[in-house]
Amino acid sequence: MKKKAILAEKPSVGRDIARVLGANQKGNGFFEGKDVIVTWGLGHLVTHADPEHYGEQYKTWRLEELPMLPKRLDLVVIKQTSKQFHTVKKVLNRQDVGEVIIATDAGREGELVARWILAKAHVKKPIKRLWISSVTDKAIKDGFKKLKDGRQYENLFAAAEARAEADWYVGINGTRALTTKHNAQLSCGRVQTPTLAILAAREKAIQSFKPVPYHTLQVSVDGGAMFRWYNQKSGDERIFDEAEAKALKEKIKGKAVAITSVKAKKKFTPAPHLYDLTELQREANKRYGYSAKETLGALQKLYEQHKAVTYPRTDSRFLSSDLVDTFKDRLKAIDVQPFRKTVLEASKLGTHHAKKQMVNDAKVSDHHALIPTEQAPPISAMNDKETKLYYLIVRRFLANFFPASESEQTVVEAEIANETLRTKGERMISLGWRQNEDEDQAKESKLPKLTEGEKLSVNHTDLKRGETTPPARFNEATLLTAMEKPAQFMEEKDATISKTLAEAGGIGTVATRADIIEKLFSSFLIEKKGKDLYVTSKGKQLLDLVPEELKSPALTAEWEQRLEKIVQGKEQKSAFIADMKKYAHSVVGQVKADTTKFRHDNKTGEKCPECGKFLLEVNGKKGKMRVCQDRECGYRKNIAMTTNARCPKCKKKLELRGQGDAQVFACVCGHREKKAQFEERRKQSKNKNVSKREVNNYMKKQNKQDDFANSALADQLAKLGLNKEK
């Protein structure tokens, strides 16, 4: 009987599969058992060939040689990981191997990783597919009992390859055309350019915004209630004419307020839906300032290494009905501090609310929402970032076992001198799921008892001045929202375009959006100031240079729609790629014909030590850099790096400037301190106080125990000699 070769995406997953299947004999880059051999990639082992592969003329970047449109794109082995590729190739082609099981990540990119390896290794054997949403022992065992026929995923592979080829034809041709035309490092792409355009449109709206002053009229009455005037026709509380506002205040002077309506209604607020990747990236950015890339990286470790959460690259916020039977095991797995009390309450409630809230088969495609696995988490092995993300996922999962919170909302309307006033209040009746939330408690705004027909004396009237405000700048959290729902952020509203964007699920995918944002940073097209994102001068100029339609979110959304049709078997890959080639040809033609000039406006007086050209100063994601303006040189150096160290005076983050022994910590408040001096001060401070790491490590150990008391922490710290008081 022939063996089965199993191809995983990464070594950690390969080792887990081998252990579960009893493949204990270790080889060089694989594990072998009686019936199976498990090997793995290191992510991608195979990729598309570089342009120079298709001809000597492409070794140097020349505008006249564009566009590059090879009849087909060839695959090459990635040089840095070629050793593992040859190991995999040898395993897959062994005479005693009769079948290959693809066990890469269960998604479009995972399918591409495996199929390209199989193609380059010339493997022609029957294929089966392992499709699982977590890599716990149980999930692996269950998955191997329900292997799929590899032919079911041919369309998924076709869509994945079409996406990769489209990015090559459009991205490489557009980038080379812009770069050679303007002798500057200018990159464009079918997703990154529309994303940049969304940021630029918001910046334009902010810069062109002109604030408009207005007033609001507030009226306080006996008993403490505060009413606000509002326009009965529009519902607006703002008065844009100052004279009108003053006249209104004068009109009601000395008059009584008559209560005309008191309406109370109950409001039920269910727990928020489970996380998909984008929603968790947004939440992590808002709460902790994590970038989308940081969140995804930590989630991958929670999924692959700790086996604490399900597959992270999901776009669904619901679960399929077959998972209901696993709820009991998942609750048991998270029955640890600080969730023990909540888990007990959730277990008593059963699955009634959970099924109603979380389960929707129609809204689950390849993968369900992010939830904890049935395997107890190794909290002590997680770093701070992983722990925080894991806690978010667990809390959201638990919240959905509880009923909706219930509140009573009261709207009171009144009349004064034939003008209308209103006030609102809310009181909680039942916290429901909110009772277990650390930071999301419902806020009450109670009203004094008011009855219809009641007349009240006015204590005070006040005109409050305000101004209309421009739209907020994007941060990473809101930019992810804009990529997911770009129609809401477009300057011109078009019903057809909006429908296309909605059907396509926005621009990019949940798996690629983090990389797109990172690429905008690394290309110095955007920069960060605080949490806000700004388009750089280079980014603004790039948008003036690229063809108009390449900036359109609708175009790339339409392409995403077509890729999904390939998955569904409703469109052929060949037709899509033919159109991409035509489009790449059009982009190059428009760049060649354009007469707009690119100008470096960030040149410094410092010359590049490699080629002698003047360096450019740019704001990288982690601080200031100087880079060579010559694209072929590529020299760069850091000159200032934002750190997590805090200023002793104003507590803001310090910037590390300079090189070598001359490095200095500097703050916007003017504080400056040599690096050596700073490190000595920090060392002395550490000797006096308990470090955060020491406390956190001790807390994690205590969380494993049933009971936790602050006195235990104090006792332990005393034993360690770490108490603050000496």
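This section describes a helix, the aromatic contacts and a sheet in a predicted model.

Helix H16 spans residues 513–522. Its buried residues are Arg-513, Ala-514, Ile-516, Ile-517, Leu-520 and Phe-521. Viewed down the axis of H16, these residues fall within an arc of 165 degrees, so they line one face of the helix. The buried residues pack against several elements. Helical partners are H6 (192–208), H8 (277–288), H9 (292–304) and H14 (476–484). Strands E17 (526–529) and E18 (532–535) are also contacted. Phe-524 follows H16 and has a positive phi, near 60 degrees.

Aromatic pairs number 13 in the structure. In one of them, the ring centres of Tyr-288 and Tyr-290 lie 5.4 Å apart. Their planes meet at 35 degrees, so the pair is classed as tilted. Tyr-290 has a relative accessible area of 8% and is buried, because the cut-off for burial is under 20%.

A further pair is formed by Phe-327 and Phe-401. The arrangement is edge-to-face, with 5.6 Å from centre to centre and 70 degrees between the planes. This pair links distant parts of the chain, 74 residues apart. Phe-327 belongs to helix H10 (residues 327–333). Phe-401 lies in the loop between helix H13 (384–399) and strand E13 (405–416). Both Phe-327 and Phe-401 are buried. Elsewhere, ring pairs join Tyr-54, Trp-168 and Tyr-169 into a cluster.

Charged side chains also meet aromatic rings. The charged end of Arg-396 sits over the ring of Tyr-275, at 4.1 Å from the ring centre. The charged end of Lys-529 is placed over the ring of Tyr-534, with 4.5 Å to the centre.

Seven strands make up an open sheet with antiparallel pairing. Their order is E15-E12-E13-E14-E11-E10-E16. Strand E15 (455–456) and strand E16 (458–467) stand at the edges. Each has a single partner strand, so one side of each is left without a neighbour in the sheet. The partner of E16 is strand E10 (residues 213–221), and the two pair in the antiparallel sense over 9 bridges. Within this pairing, Val-221 has Val-458 of E16 as its bridge partner.

How values were computed: Residues are numbered from 1 along each chain as its sequence is written. This is a predicted model: local features need pLDDT of at least 70, side-chain atom pairs count only at pLDDT 80 or more; totals for chains, interfaces and linings use all residues. Side-chain values use heavy atoms; hydrogens and water are left out. Buried means under 20% relative accessible area, exposed over 50%, partly exposed in between (1.4 Å probe, protein chains only). Helices (H or I, at least four residues) and strands (E, at least two) are DSSP runs, numbered from the N terminus. The arc is that of the directions from the helix axis to the C-beta atoms. Contact means heavy atoms within 4.5 Å. Rings of Phe, Tyr and Trp (its six-membered ring) pair if their centres lie within 6.5 Å; planes under 30 degrees apart count as stacked, over 60 as edge-to-face and the rest as tilted. A charge sits over a ring if NZ of Lys or CZ of Arg is within 6 Å of the ring centre and within 35 degrees of the ring normal. Two strands pair if DSSP finds at least two bridges between them.
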